Amino acid sequence: MKVAVFSTKPYDQTFLTQANDEAHAHELTFLETRLNEATAALAKGFEAVCVFVNDQVDALVLEQLAAGGTRVVALRCAGFNNVDLKAAQRLGMKVVRVPAYSPYAVAEHTVALMLTLNRQIHRAYHRIRDGNFALDGLLGFDLRGRTVGVIGTGQIGVEVARIMRGFGCRVLGHAPAPNPEAEALGVEYVSLDELFSLSDIITLHCPLTPETHHLIDANAMAKMKDGVMLINTSRGAIVDTSAVIEGLKSGHIGYLGLDVYEEEGDLFFEDQSNLVLQDDVFARLLTFPNVVITGHQAFFTRNALESIAHTTLGNLTELEESGECENRVAG
Ligand code: NAI
């Protein structure tokens with residue numbers, strides 16, 4: 001299949017080319033630019049586009065793609081909140097994704113954020129390099145015996161629960177339906193309000209949907225324990241960032257770990273170190289000593305990239321051979 005690969009970084013090219021050489025014969029054209037209304041024309045004549053989390057795949061873009069002959073949108077990620085599935089359906093475009101590549105990568109990064117915040121690794125790193133060996137301000141707490149609330153207990157949530165159970169934590173879960181694998185690990189399912197009020201650490205692993213948009217807002221935070229740790233490695237808009245900033249200022253939110261951010265589309269995945277930061281909300285987040293932010297890198301392990309490349313190209317091969325694909329979310 002002729003594929004226009006948008007938002008290509010050197011690592012995408014490396015892993016996709018390797019997987020293509022090993023098991024497929026697609027014609028991959030790598031484009032650095034993001035897919036949006038201005039760049040959709042670049043896909044003219046390509047049967048498929050391959051996109052990532054911050055590519056804009058709304059109705060307008062899909063219409064342009066369809067007019068240019070594109071029939072397939074292959075997401076090289078799990079989440080598909082950036083795709084207008086109804087528009088894709090209407091236009092007869094198939095949308096495929098990578099439902100699972102390495103839940104371990106995201107779960108392990110989630111726990112890395114928890115440990116960094118708790119044991120102040122981000123501050124200790126700088127102190128030691130500055131010859132400051134004082135411990136004042138680096139006080140942490142034992143994870144053993146603490147309560148961790150996992151919102152969304154699918155593939156990633158269950159792995160986080162497994163790790164936290166290993167630390168000796170009590171793990172509470174909240175999801176539309178309980179996951180038997182989580183229950184077997186000892187995860188106790190509770191209402192959202194109970195999870196908010198009982199948890200020392202709250203970690204988000206649900207998808208971004210109209211229902212979960214700003215799930216963590218001022219109202220939700222009011223129900224949480226003083227000094228709670230909040231971790232979001234799912235999707236930025238699940239958290240109302242301005243409300244969290246107020247919570248951090250008052251001290252109610254004790255720690256914040258983010259791998260995703262509501263407005264990350266304008267920031268993440270690019271070197272902007274020579275530019276003046278224009279996002280005042282993000283700039284405010286950076287001023288807190290108890291906030292650690294990574295730039296949507298939770299998925300970024302060698303294992304995950306290999307798996308993403310294999311599944312993405314496999315999806316295209318399946319569609320080419322049978323018109324069907326088990327990882328299809330629309331079309
Ligand atoms: P999954 O589909 O296996 O699990 C999602 C879970 O959320 C399910 O248990 C589902 O029932 C639950 N859920 C749905 N609506 C909910 C609601 N309103 N309240 C509470 N729970 C709800 O998905 P998976 O693979 O575990 O991924 C979770 C999310 O992680 C993805 O949607 C994606 O946004 C994000 N992600 C982030 C990555 C990163 O690099 N930071 C990489 C991969 C995924």
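**A friendly note on this predicted model**

1. Let's start with Phe269, which is partly exposed, with a relative accessible area of 24%. Here, buried means under 20% relative accessible area, exposed means over 50%, and partly exposed is what falls in between (1.4 Å probe, protein chains only). Phe269 has a positive phi of about 75° although it is not a glycine. You will find Phe269 in the loop between β11 (253–258) and α11 (280–285); helices (H or I, at least four residues) and strands (E, at least two) are DSSP runs, numbered from the N terminus.

2. Before going on, a word on the ground rules. This is a predicted model, where local features need pLDDT of at least 70 and side-chain atom pairs count only at pLDDT 80 or more, while totals for chains, interfaces and linings use all residues. Residues are numbered from 1 along each chain as its sequence is written, and side-chain values use heavy atoms, with hydrogens and water left out.

3. Now look at Gln120, in the loop between α4 (103–119) and α5 (121–129). Gln120 is not a glycine either, yet has a positive phi of about 60°. Is Gln120 buried or exposed? Gln120 is buried, at a relative accessible area of 9%.

4. Thr8 belongs to the loop between β1 (2–5) and α1 (10–23), and is buried with a relative accessible area of 6%. A polar atom of the Thr8 side chain lies 2.9 Å from the backbone oxygen of Val5. A polar contact is a pair of N or O atoms within 3.5 Å; within protein, one must be able to donate a hydrogen and the other to accept it, and residues adjacent in sequence count only if both atoms are side-chain atoms.

5. Asn327 sits in the loop between α12 (302–322) and β13 (328–330). With 13% relative accessibility, Asn327 counts as buried. The side chains of Asn327 and Asn315 are joined by a polar contact of 2.9 Å.

6. Finally, the ligand. Asp259 has a side-chain N or O atom 3.0 Å from a nitrogen atom of the ligand, and a polar side-chain atom of Glu211 lies 3.1 Å from a nitrogen atom of the ligand. An oxygen atom of the ligand is 3.1 Å from a polar backbone atom of Phe299.
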